[in-house]
Structures are given as C-alpha cells and as structure tokens.
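Please read them with the sequence and the structure side by side.

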Amino acid sequence: MQIDFVKLWLSRILVALAVSAIYLYGYPTATISYFVVDLLHVAAGIVLTILLLIYFVRLLPRETLLARLGWISLAAGGVLGIVLIKIGTPLRLKPWLYAHIALCVVGVLFLTTSWLFSKGWLGGGVVRRGLGFVALMALAAGIAAGTWWTRDVAWKKANRISNPLMPAETMDGEGDGPQGKFFPSSAQTKHGGNIPSKYFMKSDACQRCHADIYKQWDSSMHHFSSFNNQWYRKSIEYMQDVAGVRSSKWCAGCHDPALLYSGLFDTPIKQIVDRPEARAGLGCLMCHSIVQVKSTMGQGDFFLEYPKLHELAASENPLVRKLHDFVVRLNPEPHRRTFLKPFMRADTAEFCSSCHKVHLDVPVNHYRWIRGFNEYDNWQASGVSGQGARAFYYPKAPMNCADCHMPQVPSGDDGNVNGLVHSHRFPGANTAVPTANQDQAQYEFAKRFLQDKQLSVDIFAISPAGKEINAPPRGGGGGPEISTTFAVGEEADISVPKGPAGEVRAITAPIDRTDAAVRLGDDVRVDVVVRTRKVGHFFPGGTVDAFDVWLELQATDEKGQVLFWSGKVEDDGQGPVEPGAHFYRSLQIDGHGNPVNKRNAWATRSVVYVHLIPPGAADTAHFRLHIPENAGDKITLHAKLNYRKFSWFNTHFSFAGVEASKNTSDAQAAPPAPANSTTTPDYDDRKWAFNGDTSRVSGNLKVIPDLPITTIAEDTKTLRVLPHGAAVPQPKTVSTKEDWMRWNDYGIGLFLQGDLKMAAAAFEKITEADPRNPDGWTNIGRVLVQEGDTAGARKVLEKALAIDPRLGRTNFFYARALKEDGEYESAMTHLRTVLEQFPRDRVVRNELGRVLFLQKRYADAVKEFEQTLSIDPEDLQAHYNLMLCYNGLGNDAKANEHKVRYLRFKADESAQAITGPYRQTHPEDNNERQAIHEHVSVALAQGQSKKAPPARVSADSTARGSTRPGGSN
C-alpha cells in the first residue's frame, strides 16, 4: 500500500516537473513568475530524486521492464540535476544540462509508454504497440521541436536590426521628438519614462560573476565616456554655455546615461559635475539594457528597458543577492536574454552603429542636416565587411567591429566560451585619457593596439620635382553629394571625379630596388605611401576634427645634418605640429571662418578639407626635397605616421582654456577679442588663453598633460648622392610579382587624388610583372572608366574577366562601361553577377536601379533603390533616383516624400564660400585642401645637426616625464 502511495506522488511530481520543464526551457524570461517556477522545479526535482532513491529497490521489482528503465533513467537525471544545482549551468557546463534533460525525457517517455500499455490504450499486438510507441516518440519530438523553435528561432528572429525605408522628414521625427525627455538624442525608453540613475551605476554588481570583464571595463574608454573625461567635460560645458543645455542631450544619449535617462541632464552640467552620476560613464547596464536598435542611422537610435529584477541583483541585502546569484547560476538563460540580445552577436556592427554614427540637424546646430563622424557606413561598404564589391582588396574573411575592438581574451568568468571572453577594454586609439588618469597599463594597451601593423608606410618613389604641383580640388562627377564633415568612401560613388587628369611622370621606384640616386643642387619629389591594413573604417576614425595625425618625413645625411623636415613638432616635440604637415583630419570652420577646434562640431558651417584613408586603401603623399650643395654622400629618408589623440590646442583648451579678454594678466595670452565680437551657436570670435585653474579638472593629473605621440608605422630608405656636375640620374622602375601590392598601393593613392594618368602607369607595372593578376587590369579599367574612355576600359576589363570571370569589382566597372555605351541588358547581367556575391553593396544596387530607370522600367528600379534604403535609409543617391522614378510613375506624393529627404541630406554647395577668406589667411591649409599637392620642409638652420631629444616625435614620447601615464620618469 505504501509503495502505491509513493508511486502516485512520484507520478504527480513527474507531471509537474515535465510541464514546468517545458515552460522553463521554451519561455525563459526574467520575471518573478519564471523565478518562482524555476525554484519550484528545483524543489520538486529534489523531492522526486530523494523519493526515488529511498524506494528504488522496492519500486523496481513491481514494474515492467520498460518502467524500470524509465525509473532508472529518471533517477540518473535527478542525481545529475542535484549536481547541477550545486555547480550551476554556465555555458561551459551546458552539455551536462542537456544530459539531464535527455535522461529525464527518456525516463518520462518509457514510463508513459509503460502506463499506456497497462491501460491498453496502445492496442494489442507487437505491431500496434510499436506504432503507438513511435507515435509517442513523434509527439515528444514535436513538443521538443516546438519549445526549441520558440526558445531559439523565434527569439532570434524577433531580435534583429532592420532599417525603415523612409527616414524622418526632419530631426523632430526622430526619437521621442521635441517633446521627448531625451531629444535631440534618438534614444528612447520602452516605458517612455526615466530610469533611476543608480541603475547605471551598479557595474560593480556584475563583477560577482564577471570579474575579468569588469576589470577590463574599469580602465576602458566606455568607463571614461562622461564627465570623468576632461576633454569631453570641457566640450559639453562649452556647448551648454554657447548653445544651451537641451542641444547637448544629443551627446548625452551615448555618453551620459546616468544623467540623461534619470532626468538630471536638464540641469547645467557645471552645477552637478561633481555628482557620482556625472562620472559613471558607460557602465555595463547601458549597452546591455538596449533591447531594440531601430536603425543604423545612429544618434542613439535605440530603446532601453529597465529590467524587472534588477533590484534583486543590486540589492544591499546579502541574502537577496545570494538568492539572485543562485538562480542565475542555476539557470543563466533569462539573465542572458535580458542583457545579451541576439543582435549584439549577429548584428554586431549595426548594434555599434547606434552610437558610432551621428548626424546633426537644426535642434543641435541651428543650421541644417550634416553627417558627423561615421564608422559604420564606410565599414559596411568596404571589402573588410565582406559586403563591398568595389574594394581594392578583399580580405581572407570578413571582419566586424568586435573582431578588432573586442578581441577574445582568456578568462575564467562565467559565460566564457572555451575559456575566452570578448575583451571589454575595447582596444582603440585613446592614449589621452590613460595619460590623464596615470593608467600605465591602459596606455600601453592602447599603444600596442596602434602599433600592431594597423597601417604601413612605404617611401616608394622619387622623381625630378619640376614645377611645383598644387592641383586644385576637382569638381565632382556630376551627381549630388551628401552633406558631411566626414569622408565619403565606397558607400557612395563621388570620391573621384570623372575626366582625364594628371600626367605621367618619370619616376624611380621602388627606391629600395633601384639603387636610387639624387644629385647635389637638384630638387626631387619623394612619394610616400600610407596604407590601411587592419583598419576596418576610415583612418583616422571617430572625432577627426580633434586629432593630431600626420605624416612626418625627415632627410639626414651621414654628417648628421638635417636636410629636410616636414611634420616637425614645435617646442622640442611638446607643442603644436607645424602647420605645413601632411595631416589626416577633417578641418571644419564656423560661420565666421574660425576653425572648429573645441569639439564644437555643432558650429560647423563649412569644411576646408577632409583627408582620411579608406579601409583597404592608400594615400600617396608628395614631398619636395632640395639636395643642398653641402650634403654628404648618402641621404637617409625616414617617414613616420604619427598619432596624438588630441591636438595641442584642444588639450590646452580642455584643461585650461579661458577667454583671453578675461585673463589679460597672462603674458602669453592671445590678444583680447574686439569689443564688438559676439558668440552665437553659429560662430565664436573669442580668443583663448590657457591659464585657467586646473585643480578641479577630471583625471589624476591636475596640470595640462603633454600627450604622448605614438608612431603607428615608419619606414627608412637611403639615396645615393651624386656630385653637382654628374649626369642626371635616369629614372628606373622594377616590377616583380613580390612587389605587385606596393605598386597597387601607390596607384590607389594616386587614383584617389584624381592623378589618373600616374595611377594607370602604376597599375600597368602590375600587369608587366604578372599578366595573370586580374587586379592590375581591373584597376587600369577603373581609371579609364573614370576618365570616360569606355572603349579602352572594356578592353582591359575583358582581360581581367578572362582570368576571373566572377571577380566582383571587375564586373562592376565593366557594367559601368557598358551602361555608358548604352548596352543596358549586358550591363545588368554583370551587375547581377556582382549582386549574387555582394547583395548589400549600395552603389551596385543604385547602379542597377539607374540602368532600369534609363530603360524606363520605373517600378523595377524602385525595388532596387528601396533595397538600398534597407541598407541605409539616408542614402542620397537612392532618394534622388526614387524621386525621379515616382515622377515617372506619376506618383507625385511619393516623389515629394523622397524629394524632401534628398534636399535634407544634400550638401549646401554655397557653404564653400565661407572657406575663401580662411584659405587666404591659412596657406598651409589651402595647400592641404588641394587634391594633388606637395609639402616642403620647415625652415632649417644652415648645416643644422640632427637632434633626437627624448620628447621628440617617437613611438612613446611624452613631453615631460612627470606627466607620463603612471607618473614615472
């Protein structure tokens, strides 16, 4: 009698466990109800296992063979379950969890079958019973498949990032709009209200399970994104002083979650800068509380959600914390689903785009729509992403943001996969904040990242200088251009204008293969190639108006004389970079022509120049070197790509900048501003002195830091020097298979400048060295298409297609030549060949749409342009062409919708008029603005000896030992 009673309760408990198991596996959610069911499942499992073990011997003899196997399987599953209660079920122990599930499912299946047999419900006979058992297995498999689909497939499908086809007409349609709490940031909260500030300040709670990750984050730039970063702090204080508090919420959406989402940011930051919320930075619970990314248009375009059970995790009550941690370790799935959405892994780059891509508009800049920094679009359209067909190079495997900026590192943290986690130091290029924080480890980490073969420098060619070359910026290719302060790469087709340009020069290259020589008294042009190798976006990236990134070239002889120096740093390596250097940056000016150098991008009204290097591409810089009569027998050329996180001016302004007219006691202060000067959101005519109080600045250093200058890459070459009366050295080139990429990089740099003739000559060297290399022929064809020589382009591109018929970039340029010749059907065939391999290349999509438009197949063209908008809703070419297509279809309403967006995103050509006076008073910047230009040496004393002070530009120099990271000399 007792054993029957026990068996009855075992059966009841088993039914409850089965039902709860289906719920727990198929519908994991971080809710109180799920939390309670989880604990009840554990309790019931313990009771079942204990009862089984106590009555095991008495129970089995009474059962059929099938039931015995079922109880044995259940007992084994129960014992394993008790073990899992002790050790938990983190990712590395998931196999044991599934073993527990499998044993229990098998046990339930056998017991159910035995029970049905005993009732006669499966019929008589072996065949009928066998079929019944198969049907029961099928039912179990169906339930398992359904719960798996709900748990895995439906969850992932519901958590992907997709774009709307129609962006807002104005910024007022973004986020919550002008009445929203967080506007003009596009960020929103799911419940439409504030989130308590303390929620974003509980990162230390995460270290109970993720100690390694917490330690990495603690030194990271995410941690120092807010007012614990003096450069950011000064920029927002300045912005609020000039443009108001509300507009600065545009920055706060991604920089200051504890202030913005709690409502504290409505108060001017100077009044609350010492509060803990102002120094919380981007904690764990900022990124990991994003539950939806609405688009890839950036600007904080996401929804945040306040998790229901957060109070348990961050509770001050140790018993509550332990209970929370026990349940999370027992069943981490609800915790993982709360804080690690599928798009964070599957759509990593799109997730990152929500903050690493921005635009400004009237509520921010009181002007109009302008693209700000943008890491996403140029990555997405490049070869690095695996989505860009027209890239000069295709990588061995596509890479996304996390591959470089969150590399896997060893860790024993919960959640590790095979002993690895993604680094939350977020490797990047910020050497400034670690310097101010005296964090030597983070500084060294950033330095190693910068010097990890991210770029290369190659002193490649020399040639007779001839007349000075300063080709003005050439007009665009006739298409509309987007309004931007950032560079435009392969995501658009306007980077190189059409038409023949340049001339073929007699060069000697590569220098190290040709025993290059120069002659006393002559002028020569030195060509230096800088190539992006492991960079997945433009170099430099980010806030490119604030950096010092430049190419330095120095020439010395064996006597120790410095014969040439471009890119010298003033004040023995501690001051500003000489203005005639070859910079990589965006130079912007405000409405009165003042340089935008205070991180005041909202004041930008025009761009003097943008000079960045696309991913997988190159820049070719030109230097005019005079060989003096007193030079030695050998000249050593040394080129260095230098990086200083913030410019000299910006650092001094951030730490000690005060209006000069209010600080006339400083003898070094700039002259006071005119009495009638004013400051508005459009311009700031004030002069600045750098003698402000630094005792309360953010960071451990309470002085203006001398930021380290890092050499990212360098190269050295030597030249023989011939007497003045010797014969003129004859040009010589050597092309080998081993050097094909050097010639290609040289040609790419020339091509992107619009020096098309020289670029074609460089690419021809590839075909001479290796006629079976399709890239040489393809790039010659690329040049000829740009020049408008479609017949010549088709001839060389056909040679490339004969080698590799499906090469994406070749098919694209061949299609473009066919389109120009009116052969639309053939052009579409080649474009579709490209799209089969690269369906997300926006320019290829637009090109196919344009061909369809030219055939007056407007409806088909609309489909292609809408595909482009699904990749980037702000694509200017797509909106322009959709406007034309809908006009052709007679749909005026739709045409007008796209016209409004086209006019919103289109550049204001008249704004270039502002640059005229600035360029007249800044000849060095005017020189850098020219598409093809040369750099000359700074003035050098006659016979100047070579100096190498420790603080001069070198891999890890800082201005004074006392302000190095760590504070040591």
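1. Rings of Phe, Tyr and Trp (its six-membered ring) pair if their centres lie within 6.5 Å, and planes under 30 degrees apart count as stacked, over 60 as edge-to-face and the rest as tilted.

2. Phe653 belongs to helix α24 (residues 648-656) and Trp688 to strand β22 (residues 688-689), so this pair ties together parts that are 35 residues apart in sequence. Helices (H or I, at least four residues) and strands (E, at least two) are DSSP runs, numbered from the N terminus. Phe653 is buried at a relative accessible area of 1%, and Trp688 is buried at 13%. Both residues also belong to a cluster linked by ring pairs, which contains Tyr238, Trp602, Trp648, Phe649, Phe653, Trp688 and Phe690.

3. A word on the basis of these values: this is a predicted model, in which local features need pLDDT of at least 70 and side-chain atom pairs count only at pLDDT 80 or more, whereas totals for chains, interfaces and linings use all residues. Residues are numbered from 1 along each chain as its sequence is written, and side-chain values use heavy atoms, with hydrogens and water left out.

4. For the whole structure, the search finds 34 aromatic pairs. In the pair of Phe547 and Tyr643, the ring centres are 6.1 Å apart and the planes stand at 55 degrees, so the pair is tilted. This pair links distant parts of the chain, since Phe547 sits in the loop between β11 (523-532) and β12 (548-557) while Tyr643 sits in strand β18 (residues 634-644), 96 residues apart.

5. What surrounds Phe623? This residue lies in strand β17 (residues 618-626) and counts as buried at 0% relative accessibility. Leaving aside residues up to four places away in sequence, Phe623 touches Val524, Arg525, Val526, Val528, Leu551, Leu553, Phe564, Ser566, His582 and His935, a contact being heavy atoms within 4.5 Å.

6. Helix α27 (residues 774-787) has 14 residues and reaches 20 Å from its first C-alpha to its last, close to the 20 Å expected at 1.5 Å a residue, the expected span being 1.5 Å times one less than the number of residues. Since 14 of the 14 residues of α27 are buried, this helix is largely enclosed by the rest of the structure. At its start, a side-chain oxygen of Asn773 reaches to within 2.9 Å of the backbone nitrogen of Asp775, and just after the helix Gly788 takes a positive phi of about 90 degrees.

7. Helix α4 (residues 94-119) has 26 residues and reaches 37 Å, close to the 38 Å expected. Its buried residues include Lys94, His100, Cys104 and Gly107, and just after α4 Gly120 takes a positive phi of about 75 degrees.

8. Finally, the chain as a whole holds 36 helices and 24 strands. Buried residues make up 57% of its 969 residues, and along its principal axes the C-alpha trace spans about 120 × 70 × 65 Å.

Notes:
Buried < 20%, exposed > 50% of the residue type's maximum accessible area, 1.4 Å probe, protein only. Polar contact = N/O pair within 3.5 Å; in protein donor to acceptor, adjacent residues only side chain to side chain.
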